[in-house]
Amino acid sequence: MSFFHRIKIIVLSVTITAFFILNIASASAEPIRVAIVPFEIHAAEDLSFLQEGIFDMLSSRITWDEKVTVVDEDEISKALESHKVIYNENQARELGTAVAADYVLYGSLTVFGDSVSMDAKMVDVTAQKPTMPFYKQTKGMADVIPKIDTFASDINEKVFLRGIAVASAVAVPVVATTAAPDAYAHPDKLTIEKEPVTSPFVPVIVAEEADPAKADIAGTSFVKIEEEQALGGDFWKSRDFDERFCGISSGDIDKDGKIETVVLTNKMLYIFRGEQGKFFKVVEFDINRNKRPVGIDVADINQNGFPEIFVTCLNSQRNRMSSFILEYDGNSLQTVSDKTPWYYRVARGVDQSLILLGQKQRGDDPYLSEFVTLTWSGNDYNEASSLIKSNRINLLGATLGDARNDITNTIVAFDSSSKLNLIDPEKGSEYWKGSERYGSSIRYFTDQSGTETRITYLPMRTLIIDIDGDGKNEVVVVKKKEMAKNLLDQFRWFTDSKIVLLNWNGLGLKESRETQEISGNMSDFVVADFDNDGKDELVATVIIKEGDLIGTTPKSTIVSYDL
């Protein structure tokens, strides 16, 4: 973008700002009406009392004598009788029209352990102005009240230009350089460049700032189960995304020495980077609408220096495999293989080498077929050797490594009942089978038999890693609370999740440490240096709202635990 082009943009922006301010002044006889919808509360405990407090505080702080008024709470409640919760901008505009409001503010408050975040959107009922997002995060409930103050101040400043003088708006600033705008800024302050870029690995959208004090926090996010201590460490949470996150992995995708975080949704693949206290999106890739993603891994299996992205997918009917593999070629993401018949999972063996595992779908049961190792040969990934014959396990919930700390490879995998199995890959025999349910997910395979459709749920990831730095490997799994399930196991709804560390004690795997329970359905996790600070974190995707009902929008977030 040229120097003069930037000057034109600045002058145009200033002119629009001044015009908007003058319009507010001229319209002072008829104050702007704002409808504040009671915030949704996502928390393990009942915090519904906060709805009233948030409404009262925002109402008092947004109200501006003769300029901005807030619609009465009773009037809002009456208008909400048709749909109790506002899920999207269209519903917000319908509500705004019903109560004769100019703007509608709706959002949520989410509690993850000691971390509290507020997400909101201010919607122009006429749709003439873009919807403005607002986000605040705090540690501990004690800081919620001060954050609501700053939350309201942001709204006043960015929507109503409160506190911005007209004189300063009409003054044209002197531009000293032609440097690009701060691409690491908050989304509300980000200037989006329209010029094409030479590489996709540049920041285009900021996800959310990391806690600046994060690097100085000591301790761990895991606590010994038998001691029943409070959560000792810290974690960071991104803003909420209006999508359902179903997978996460990481790697240096563009070979620049920085780790990227790859996040999988039902429709998109996003690549984020955390660096210098910021977490921003650098690339997005559209997934074919005929594919249903169920898993993701990143590893340089073909040894060309660029890690491949292995995306396990079902077809649109969810009854056959249709996976694909991506790789960065120095300029963009390219499809290496498509419509492959494999479930993929990358494991790290006893010698720390990366191994690509594969399982083909045979018949109508995703827990039946054998595990194999895959290697790059010719121009594709082909079967190298058989690892284990059919043993009623699925590869998405399996891994290989030194799970028993005896310097031998062991397969750890979930069976169809979400029970852990330890299997000797040499003999194919079972070392041990657990009784607890872990690794349950909402991803599923379908089998159409006659007029009935049978659903078989697929398992979550498990890892073998020395996560607490004590010199011994742990098996890392996710444990969830399930709210509802019918007799045919055709419906799942998880309300709370936590990560659990399991240790081999000579007889079996025993729970040793766990994170604090969080509200939502944890869908996947990875251990990596996601913020490029030289230390590994445990990073997880959490579905806050499934969005299965008609007219509802899914919501997901990313959580990073310090180790």
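These legends walk you through a few close-up views of a predicted model.

**View 1. Helices α2 and α5 pack against each other.** Welcome to the first stop, where two helices meet. Two packed helices are described by the angle between their axes and the distance between the axes. Here, helix α2 covers residues 49-62 and helix α5 covers residues 144-160; they pack at an angle of about 40°, and their axes lie 9 Å apart. That angle makes α2 oblique to α5. The crossing of α2 past α5 is right-handed.

**View 2. The side-by-side residues of α2 and α5.** Now look at who takes part in this contact. From α2 come Ile54, Met57, Leu58, Arg61 and Ile62. From α5 come Ile145, Ile148, Asp149, Phe151, Ala152, Ile155, Asn156 and Phe160. Sorted by kind, the residues of this contact are 10 nonpolar, 1 polar and 2 charged.

**View 3. Aspartate 254 pairs with arginine 273.** Side chains of opposite charge can pair when their charged atoms come close. In this view, aspartate 254 and arginine 273 form a salt bridge, with 3.1 Å between the closest N and O atoms. The pair links distant parts of the chain, 19 residues apart: aspartate 254 sits in the loop between β10 (245-251) and β11 (260-265), while arginine 273 belongs to strand β12 (residues 268-275).

View 4. Aspartate 256 lies in the loop between β10 and β11, and 17 residues separate it from arginine 273 in strand β12. With 37% relative accessibility, aspartate 256 counts as partly exposed.

**View 5. A network of salt bridges around these residues.** Which residues are linked in this network? They are Asp254, Asp256, Glu260 and Arg273, joined by salt bridges.

**View 6. Lysine 498 meets glutamate 514.** For the last stop, find the side chains of lysine 498 and glutamate 514, which meet in a salt bridge at 2.9 Å, N to O. This pair also links distant parts of the chain: lysine 498 is in strand β30 (residues 493-504) and glutamate 514 is in strand β31 (residues 509-514), 16 residues apart. Both lysine 498 and glutamate 514 are buried.

Key. Residues are numbered from 1 along each chain as its sequence is written. This is a predicted model: local features need pLDDT of at least 70, side-chain atom pairs count only at pLDDT 80 or more; totals for chains, interfaces and linings use all residues. Side-chain values use heavy atoms; hydrogens and water are left out. Axes are lines fitted to C-alpha atoms, for helices over the stretch in contact, and angles run from 0 to 180 degrees between N-to-C directions. Helices (H or I, at least four residues) and strands (E, at least two) are DSSP runs, numbered from the N terminus. Angles under 35 degrees count as roughly parallel, over 145 as roughly antiparallel, 65 to 115 as roughly perpendicular and the rest as oblique. A crossing is left-handed if the near helix is turned anticlockwise from the far one by less than a right angle, and right-handed if clockwise. Contact means heavy atoms within 4.5 Å. Ala, Val, Leu, Ile, Met, Phe, Trp, Tyr, Cys and Pro count as nonpolar, Asp, Glu, Lys and Arg as charged, and the others, Gly among them, as polar. A salt bridge is a side-chain nitrogen of Lys or Arg within 4 Å of a carboxyl oxygen of Asp or Glu. Buried means under 20% relative accessible area, exposed over 50%, partly exposed in between (1.4 Å probe, protein chains only).
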